Amino acid sequence: HFNGDPVRAHLPLIRPYIFATLTVCLAFAVKSFIQPYISTSPPFIAFLVAIMFTAWKWGFLPAFFATILSTIVIDYWLIPPANSFSLRPADLGTLLLFFLVGTTMAYFIHRQEHERSQAVTFHLQLQRLHKLSTRLLGEETFEAVLQRALMAAMELLKATKGTLQLYDPKPNALHMVAQVGFDESFLHQFQHMPLDLATCGAAYQRQRRVIVENVSTDTEFSHLAPLYARH
């Protein structure tokens, strides 16, 4: 809710569908406007353009919604008899073909745009890594290098807090050597971490990433939720 207004709270969710509706209306308006000035016209081309644009701009679900809406508009206004949902078998087959083509096109455009976005993000991350790696060369102490490495990881993940720990074989524990965003009470409590206590120790023991989406509901680490909540 924003200022007690549920409509504004849900506006980001419904905005793509509003624009999808507007693109279909625009497609119908364009179709109606140009029809008297051309001898022949592919009957659904404007609607396919609307579906393509919606898939490119807002993703598959709004584009799928635009496909359904376009099918209804074509059925009611463009297929004789006008202003009616009456359909002959051949008309029904035409609409089904349009719906199939529109849905397939929306899906593949969405997938292509998703992959392109991932490639751009990966490229930007590589550029940031390159810049940050050159900064590491300018640090004079090991502690400064570790702090810079932690800040680089936080920048890539867009995190607001982070720690960097090194394994100490004598106590068989992790020792915090760098942190960003935490207070003194956190540092005092987590300066030395047994390997079997939390996610960082689990990551070291398993030699792979350990990702916890929600610590309060995680079956393995939910016991840490009260401890983490304080920090």
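Analyst: **Helix packing, loop and sheet**

Helix α2 (residues 45-58) and helix α3 (residues 60-78) have axes that come within 8 Å of each other and cross at roughly 165°. That angle makes α2 roughly antiparallel to α3 (under 35 degrees is roughly parallel, over 145 roughly antiparallel, 65 to 115 roughly perpendicular, the rest oblique). The model is predicted, so local features need pLDDT of at least 70 and side-chain atom pairs pLDDT 80 or more, while totals for chains, interfaces and linings use all residues. Residues are numbered from 1 along each chain as its sequence is written, and side-chain values use heavy atoms, with hydrogens and water left out.

Axes are lines fitted to C-alpha atoms, for helices over the stretch in contact, with angles from 0 to 180 degrees between N-to-C directions. Helices (H or I, at least four residues) and strands (E, at least two) are DSSP runs numbered from the N terminus.

On the α2 side the contact is made by F47, I51, T54, A55 and W58, and on the α3 side by F60, P62, A63, A66, T67, S70, V73, I74 and L78 (contact means heavy atoms within 4.5 Å). By class, this contact has 11 nonpolar residues, 3 polar and no charged (Ala, Val, Leu, Ile, Met, Phe, Trp, Tyr, Cys and Pro count as nonpolar, Asp, Glu, Lys and Arg as charged, and the others, Gly among them, as polar).

α2 also packs against α4, at an angle of about 30° and with the axes 8 Å apart. That makes α2 roughly parallel to α4. The crossing of these two helices is right-handed. α2 contributes F47, L48, I51, M52, A55 and W56, and α4 contributes F98, V101, G102, M105, A106, I109, H110 and E113. The contact of α2 with α4 divides into 11 nonpolar, 2 polar and 1 charged residues.

The remaining pair to describe is α3 with α4. Their axes come within 9 Å and cross at roughly 160°, and α3 and α4 are therefore roughly antiparallel to each other. The handedness of the α3 and α4 crossing is right-handed. From α3, the residues in contact are F60, A63, F64, T67, I68, S70, T71, I74 and D75, and they meet L95, F98, F99, G102, T103, A106, Y107 and H110 of α4. The class count for the contact of α3 with α4 is 10 nonpolar, 6 polar and 1 charged.

Next comes the loop that joins α3 to α4. P80 and P81 are joined by a cis peptide bond with omega of about -5°, and P81 is placed in this loop between α3 and α4. N83 lies in the loop between α3 and α4 as well. N83 is not a glycine, yet its phi is positive, about 55°. N83 counts as partly exposed, at 49% relative accessibility (buried is under 20% relative accessible area, exposed over 50%, partly exposed in between, with a 1.4 Å probe and protein chains only).

F85 is another residue of the loop between α3 and α4 (89-136). Leaving out residues up to four places away in sequence, F85 touches I72, D75 and Y76. The C-alpha atoms of F85 and I74 are separated by 9.6 Å, at 11 residues apart along the chain.

Strand β2 (residues 173-180) pairs with β3 over 3 bridges in the antiparallel sense, and A173 stands opposite P194 in β3.

β1 and β2 pair in the antiparallel sense over 7 bridges, and D168 stands opposite A173 in β2. The hairpin of β1 and β2 has 4 residues between the strands, and in it N172 takes a positive phi near 55°. N172 is partly exposed, with a relative accessible area of 40%.

Definitions and conventions:
Two strands pair if DSSP finds at least two bridges between them. A crossing is left-handed if the near helix is turned anticlockwise from the far one by less than a right angle, and right-handed if clockwise.
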